[in-house]
Each structure stands twice: as C-alpha cells, then as structure tokens.
Amino acid sequence: MTHAAVLQSPHHPLLLTDVDLEPPSRGEVMVKIGATGVCHSDISVFNATLPNPVPVVLGHEGAGTVVQVGDGVTEVAPGDRVVLSWLAQCGTCFYCVHRQPQLCETAGVAFAKGALLDGTTRYRLNGQPVYQMAGLGTFSQRCVVPARAAVKIPDTIPFSSAALLGCGVLTGFGAAVNTAGIAVGDSVVVLGCGGVGLNAVQGARIAGARTIIAIDMHQERLELASRLGATEVLQPSDGVVRAVRALTGGRGADHVLEVVGRQETVRDAVKMTRRGGQVVLVGAAGDDVTLTVPAFTGVVMTGKTIRGSLYGSADIKRDVPRLVGLYESGQLKLDELVTETFEFSQVNDAVDYCASEKGARAVVVFP
Ligand SMILES: [Zn+2]
Ligand SMILES: [Zn+2]
C-alpha cells in the first residue's frame with residue numbers, strides 16, 4: 001500500500017488516495033520518493049494533449065531512496081539514493097550500441113504504454129491496474145520502476161534538486177551539449193525558458209558559448225536565464241528575428257534551440273539561424289506544428305542543419321554522474337531552478353503552478 005495521486009480522467013483534479021503497490025518483479029526496484037518535479041509533460045497528460053491511458057499516476061521526474069529490489073538487480077541496493085529516468089535505457093539494443101540510447105527500443109515501449117518494461121503496472125486501485133506515466137509514476141510516496149531507470153547519486157545533492165536531473169536537466173542541458181555540440185565562442189539562441197530551456201542556457205554557458213540569447217514571454221524566467229548564463233534576454237515581438245541578427249553580426253546564431261513547440265517559434269528558429277548553422281528542435285509540439293522550409297533555397301543553399309533532440313540525446317549512466325559533478329563544483333545550478341516547493345497533499349496546487357508557466361520548476365517534496 002502507498003499514498004498516490006491518481007488522474008482518473010483528464011482535466012479532473014488528482015485524487016490523493018491509498019493504492020496497492022505490488023513488490024518489484026525481476027529487474028525492478030521499489031523507491032521511496034524524496035521529491036518529484038512537475039514537468040510540462042505531466043500537464044500535457046493531465047489535459048489530454050499527450051495521450052495516455054487512465055487511471056494513471058503522473059510524475060516522471062523524481063529522486064528517492066531504494067527500499068526493495070527484485071531478483072537479478074545488481075545496479076542498486078536498498079539504501080541507495082537514486083534519480084529516476086523516464087527512459088530506462090537497455091544498453092544492448094541497436095540504438096543503444098549505436099550511441100543513440102535516447103532512441104532505445106525496449107525503453108520506448110514502456111514509455112508509450114505508461115507501464116513497466118513487461119507492459120504491466122505495479123499500482124492497483126480497487127483491484128484495477130493504474131498506469132505509471134513514462135514507466136515511473138512518481139506522484140506517489142513509493143513506486144516500483146525498472147532498476148535500469150534508477151541511477152545512483154551521492155549524498156551531496158538534495159532530492160529536490162536531484163529530481164530535476166531526470167527530465168528537465170537532461171533534456172535541456174543535453175540538447176545544448178550532446179545534440180547541438182556547442183563549442184567555445186559559439187552564439188546560441190534558446191527560445192523558451194521553462195525548466196528545459198533554462199538548462200539549455202546553462203548547458204550553453206558551461207560549454208563555453210560567448211553569446212547566449214534567451215527568449216521568453218515571462219520576465220521572471222528571463223531574470224533566471226540571466227542568472228544561469230544568458231548574455232542577452234528578449235521578449236518575443238515582431239522584431240525578435242531582427243533583434244537576434246543584430247546581436248549576432250547580422251548573420252544569425254550558430255545554434256538555435258527551440259524549446260516551445262509552437263508554429264511561430266519553430267518558424268522563427270529557422271530564420272534566426274545563420275547560414276551553415278543549426279536549428280535544434282526540442283519542444284514537444286503538436287502534430288499540427290510543421291516545418292515548411294524551401295528544400296533548395298532554405299536548406300541546401302543556406303547549408304542549415306535542422307535536427308531533433310529527444311531527451312537531450314542523453315545516455316543516463318554517463319550523463320547523470322557528469323551533471324552531479326557539475327553541480328558539486330558549482331557550475332550547474334539546480335537549487336535555483338526549484339522556484340516553488342509543495343507538500344504532497346498540495347500536489348494539485350503544484351500542477352496548477354506548472355500549468356500557469358510560473359517560475360522554473362515546482363517540486364513536490366516528501367517527508
Ligand atoms: Zn518531463
Ligand atoms: Zn536500448
């Protein structure tokens with residue numbers, strides 16, 4: 001038995017209730033959640049823009065302590081502090097061995113089904129299965145997840161900050177560092193400065209970018225972006241493409257990271273990129289958002305690269321320890337990204353906070 005927040009149908013407040021929790025099967029672990037972030041994808045499932053079967057326990061950005069392990073688990077042991085990843089990379093499939101673990105075949109199946117790797121779930125309510133968002137479902141005091149989704153972390157990092165590593169930080173930092181491969185002296189635009197975009201900003205700073213232009217509608221987020229490394233901040237307006245060109249020698253930026261997922265920002269991202277530069281699409285756009293670039297004059301003649309970045313092209317076993325190291329050395333700011341904390345009983349307020357696009361991250365902390 002555990003206390004969990006269940007989404008019974010879209011748009012309805014999460015029901016805080018006791019649910020049955022089955023023990024971990026082979027290759028799984030039970031984690032006592034210490035903190036969970038609320039990410040925009042949780043809101044997308046909440047309001048049904050991201051399809052997911054219900055009832056479901058939301059939450060895919062968590063950290064906690066391993067309390068029980070199933071057969072065959074060697075990666076972690078009870079008592080270990082871990083950060084959870086929504087992509088339980090296997091390390092052995094075609095994509096994992098071709099250094100594209102963000103496309104892991106076996107993990108993707110669980111993600112799409114809202115279940116664990118065998119297609120079933122460990123939560124039960126009144127005898128009926130309750131789905132686990134992205135194979136996790138961290139809006140709960142305890143959850144059972146694939147062992148390979150749990151990456152060990154040291155005692156030096158508080159759960160409320162560590163939780164963000166699992167989604168927002170890996171996605172944003174990784175888009176800048178892994179996917180874009182930003183180099184010393186480069187110019188970078190980050191369109192959209194929520195939990196993911198702000199980490200793209202600090203990824204660009206740590207990679208050594210000289211010019212980092214952060215664009216967002218919300219002044220509060222732009223102030224955060226400045227603290228995390230943005231050298232210029234802009235609010236979107238009719239002249240925003242011109243403003244970016246003016247800040248980049250009239251050419252446009254080397255890298256433009258689109259983290260919003262709207263038609264106008266996707267269109268602007270292509271225009272803001274210099275000839276020979278690259279557009280990195282990160283935002284979770286609906287299918288109605290499309291790329292319309294003339295193939296020859298827009299791509300061939302300009303030599304622009306347009307690429308997608310899923311989960312920051314992350315390899316979780318490589319990247320989580322690297323991010324923890326950057327946090328310990330003071331280069332990666334995580335505590336600053338937690339702009340509001342909530343108790344578990346206030347989880348619906350945390351969802352509202354995220355939906356209203358306030359601050360960087362709402363984090364629910366458990367006693
Ligand atoms: Zn997320
Ligand atoms: Zn794999």
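User: Axes are lines fitted to C-alpha atoms, for helices over the stretch in contact, and angles run from 0 to 180 degrees between N-to-C directions. At what angle do helix 4 and helix 5 pack?

Analyst: This is a predicted model, in which local features need pLDDT of at least 70, side-chain atom pairs count only at pLDDT 80 or more, and totals for chains, interfaces and linings use all residues. Residues are numbered from 1 along each chain as its sequence is written, while chains are lettered from A and ligands numbered from 1 in the order in which they are written. Helices (H or I, at least four residues) and strands (E, at least two) are DSSP runs, numbered from the N terminus. Helix 4 (residues 159–179) and helix 5 (residues 195–207) have axes 7 Å apart and pack at an angle of about 50 degrees.

User: How do helix 7 and helix 8 lie to each other?

Analyst: The axes of helix 7 (residues 240–247) and helix 8 (residues 263–272) come within 10 Å. They cross at roughly 30 degrees. Angles under 35 degrees count as roughly parallel, over 145 as roughly antiparallel, 65 to 115 as roughly perpendicular and the rest as oblique. The relation of helix 7 to helix 8 is therefore roughly parallel.

User: Which residues of helix 8 meet helix 7?

Analyst: Contact between two residues requires C-beta atoms, placed from the backbone, within 7 Å. On the helix 7 side, Val-240, Val-241 and Val-244 take part. Their counterparts in helix 8 are Asp-268, Lys-271 and Met-272.

User: Is Gly-37 buried or exposed?

Analyst: Gly-37 lies in strand 3 (residues 28–38). Leaving aside neighbours within four places in sequence, its contacts include Ala-163, Leu-164, Cys-167 and Gly-168. A residue is buried if 20 or more other C-beta atoms lie within 10 Å of its own, exposed if 12 or fewer, and partly exposed in between. Because Gly-37 has 31 C-beta neighbours inside 10 Å, it counts as buried.

User: Which strands stand at the edges of the six-stranded sheet?

Analyst: The sheet is open, its pairing is parallel, and its order is 13-12-11-14-15-16.

User: Which residue is the bridge partner of Val-188 in strand 14?

Analyst: Strands pair if DSSP finds at least two bridges between them. Strand 11 has five bridges to strand 12 (residues 211–215), and in strand 12 the partner of Val-188 is Ile-212. Strand 11 also pairs with strand 14, in the parallel sense, over four bridges. In strand 14, the bridge partner of Val-188 is His-255.

User: How many residues of strand 14 are buried?

Analyst: Strand 14 pairs with strand 15 in the parallel sense over five bridges, and one of the bridge pairs is Ala-253 with Thr-273 in strand 15. Strand 14 is largely enclosed by the rest of the structure, because its buried residues number six of the six.

User: What covers the buried residues of helix 8?

Analyst: The buried residues of helix 8 are Thr-265, Val-266, Asp-268, Ala-269, Val-270 and Met-272. Helix 7, one part of the cover, also lies across strand 11, strand 12, strand 13 and strand 14, running at about 165 degrees to strand 12. The cover of the buried residues includes helix 7, strand 11 (187–191), strand 14 (253–258) and strand 15 (273–281).
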